[in-house]
Amino acid sequence: MAIANILLVDDEKPFLETMTRRLAKREFITASASSGHEAIKLLEKNDELEVVVLDVKMPEMDGLQTLKIIRQRFPLVEVIMLTGHATIESAIEGMKLGAFDYLMKPCEMEELISKVREAAAKKRRHKEKIIEAQLKEITMRRI
Amino acid sequence: MNQENRLKDPYYKSLKRKMLFIIMAVSFAPLIMVSGIILNQFSVSYNEKLNAHLGELVLKHRQNIDGFLLEKLNNIRFMAKSFTVEELNNEVFLRNNLAALQTEYGSVFEDLGVINEKGIQVTYAGPFKLENARYSDAEWFRKAIKSDYFISDVFLGLRGIPHFIITVRQKSNGKPWILRATISFVAFNSLVENLRIGKTGFAFILNNKGEFQSKPGFEVVHGKSYSFYESIKSGRKTKDGIFFSEMADDSGKENLYVASLIKNGDWILIYQQDKSDAFLDLTHAKQIAFFIILIGGIIIVVTAFLLSKRMVARIAQADGEKELMNQQVIETGKLASLGELAAGIAHEINNPVAIMVEEAGWVHDLMEDEQFSSKENKDEFERALAQIKTQGKRCREITRKLLSFARKTDTCIEDVRINEVINDVISFCAQRAKFSNIVIKSKLQENLPVLRLSHTEIQQVLLNLMNNALDSLEKRGGNITLTSWLEGDEVVISVADNGPGIPRANLARIFDPFFTTKPVGKGTGLGLSICYGIIKKMGGEIDVRSVVDAGTTFYIRLPSRRND
């Protein structure tokens, strides 16, 4: 199993490409989307995705709007906000809306990886708990 | 530009002149107009009143003199008609009658005489020896014998003393005879002499040949002809028959003449007065008016001068304040527009910098798989990539500061004890100061009022000033003194160092954004600009005084509202 299944969302394509390569080299499975809409579509298609690294400032649908939709439709997926200083308030707002954490651009690879690991671990714990609960329910019914 | 220099500006000089002129014009115009009109009215009415008064006076005297002459004539007529020529030719009878007249009228009648048709005074009663005096050649006799009664001009006659005579003609047995009375010149003259006004006003009488019939108030030069009669008669005449005219006498003095014909137009009664004497009261009034105008004028000039000076000084001061305010508005506007620009730039720069750093990271990642021909090359690659990363971080630091400069955050206003903040700042800097051999001192006034402001912001300002002071003393050590005190309603904080100071040329620019003297990479030039913005926002002032090689002191003045 990969370390984590990541979806990178940013309107800056060169950033996406390099990031994807660097994360892949560190044995992360990564998908990338250059807009909020694209990210939602990918999440719909691929339920393996565990962590979304989401840029706050994007054209059309911005990071916060995308976050709201993700929280509603994919509650198990963890979101890390990626922001410049100008939008630091938005990032904090994101935390209130249920983002796992936020990171400042340009970010340290090590920092990103450690945040992604934590987020992935949290997501997996959640999932395990849900599976456990479901198992319990099935077992209870059988008894 | 200070106040004094400003007032030397031609604009303010001309403004002052204009103001002076306008104030004087609007003050003098009514003063002169009102005084002129009043004076003119007064002058006209005074003139009229004086003329009316003198006219009245002359009229009364005319009636008086005419009455006197008529009365004397009637006395003689009565006597001539009452008695026969025979009775009157009795010298004793005539003397008795003279005595009776003299008892009744004093010494007005000097003598009486009866003259026959040949001009010989047949009977005489009086002080002179004029019995049988021959008057047939006398001019008055020729006139007297032709008319029922006659009053002569003043003449010397046989006695050699000025007098005039009244004659009444009667007939006896078909032959005319004349009763003659001499009227004392002194008694007649006193009637005219009574008319005296002021110092120079007097009256006299002329006959129609211009000869004096009474003694005038001036010395009469013998043989000289006085042209009063014609000149006066050509003057203004009222319906009462009073003549008014003005003439200059030989010495050039203007005289006023009021005259009236008497004795059926044979004589003229003239009243003469020096014009300056007649108009003495008017002259006094004019002098007082002139004095009042003069004093008023002086007061107006002084007031106008002081007022214009003070007003122009006020205007200049207001202009100065406006100029200063404009500068501040420009400064604030500069900061605000720069802030907006900074926010945009900061964000735009962050993205490319993030990509660059990531690319460098990617290269670093790839290097792990590469076999380098020499270790030096690998080290050099790593150093270069590390440098890219370091510079990326530096960019991030710059944009972070720019954004904190530009951001309009809702800062939390709270009660702040400024001395506590100062002590906190001192403790933050203590470690760095120790290594650089810098001593931090504090002189804090106790019981300063609690200030309502953002704790973090004032801390940021003080830290910034402290950092600058520490930077300036880093090389050679020194002292930093933090002081706080109350000045009126303001709390003043000063941060003073004894470092190298700031050159005069830089002093004016130190609060400008991006102005720095620190080496490249050490300062952004935004620190003091941010401090300036924060203190201004708090309603305070930040100021700097610096002397090269002696040190720099920053002063922060914060308003305290104790009663809040």
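In chain A of this predicted model, 62% of the contacts between residues at least 6 apart in sequence join residues at least 24 apart. The secondary structure of chain A consists of five helices and five strands, which follow one another along the sequence in the pattern β-α-β-α-β-α-β-α-β-α. Chain A has 143 residues, of which 41% count as buried. The model as a whole scores ipTM 0.78 and pTM 0.48.

One residue of chain A was examined individually. Cys107(A) lies in the loop that separates strand S5 (101–104) from helix H5 (109–142) of chain A. Cys107(A) is classed as buried because 21 other C-beta atoms are found within 10 Å, the cut-off for this class being 20 or more. With residues up to four places away in sequence left out, Cys107(A) touches Leu82(A) and Leu112(A). Leu82(A) is 25 residues from Cys107(A) in sequence, and their C-alpha atoms are 8.6 Å apart.

The contact between the two chains involves 14 residues of chain A and 19 residues of chain B. On the chain A side, helix H1 (residues 13–25) gives the most, with seven residues. By class, this side of chain A comprises six nonpolar, three polar and five charged residues.

For chain B, the mean pLDDT is 85, and 93% of the residues score at least 70. Among the elements of chain B, the highest mean pLDDT, 94, belongs to strand S15 (residues 490–497) of chain B, and the lowest, 75, to helix H1 (residues 3–8) of chain B. Where pLDDT is low, the predicted coordinates should not be read in detail.

Strand S1 (residues 109–115) of chain B is mostly covered, with seven of its seven residues buried. S1(B) runs antiparallel to strand S5 (residues 175–184) of chain B, to which six bridges join it; Asp111(B) has Thr182(B) in S5(B) as its bridge partner. S1(B) is also joined by four bridges to strand S2 (residues 121–125) of chain B, again in antiparallel orientation, and here Gly113(B) stands opposite Tyr124(B). S1(B) and S2(B) form a hairpin with five residues between them, and Gly119(B) in the turn has a positive phi of about 90°.

An open sheet in chain B is formed by five strands in the order S6-S10-S9-S8-S7, with antiparallel pairing. Strand S6 (202–207) and strand S7 (236–237) of chain B each have a single partner strand, so one side of each is left without a neighbour in the sheet. S7(B) is joined to strand S8 (residues 242–248) of chain B by two bridges, and Arg236(B) is paired with Phe244(B) in S8(B). Helix H2 (residues 10–82) of chain B lies across S6, S8, strand S9 (254–262) and strand S10 (267–274) of chain B, and runs at about 35° to S9(B).

Helix packing was also examined in chain B. Helix H12 (residues 455–473) and helix H14 (residues 527–537) of chain B pack at an angle of about 145°, and their axes are 10 Å apart. The crossing of H12(B) and H14(B) is left-handed. H12(B) brings Glu457(B), Gln460(B), Val461(B), Asn464(B), Leu465(B) and Asn468(B) to the contact, where they meet Gly527(B), Cys531(B), Ile534(B) and Ile535(B) of H14(B). Five of the residues in this contact are nonpolar, four are polar and one is charged.

Key:
Residues numbered from 1 in each chain as written. Chains lettered and ligands numbered in written order. Predicted model: local features only at pLDDT ≥ 70, side-chain atom pairs only at ≥ 80, totals over all residues. Buried ≥ 20, exposed ≤ 12 C-beta atoms within 10 Å, placed from the backbone. Contact = placed C-beta atoms within 7 Å. Nonpolar A, V, L, I, M, F, W, Y, C, P; charged D, E, K, R; others polar. pLDDT = per-residue confidence, 0-100. Axes fitted to C-alpha atoms, helices over the stretch in contact; angles between N-to-C directions. Left-handed = near helix turned anticlockwise from the far one by under 90°. Pairing = 2+ DSSP bridges.
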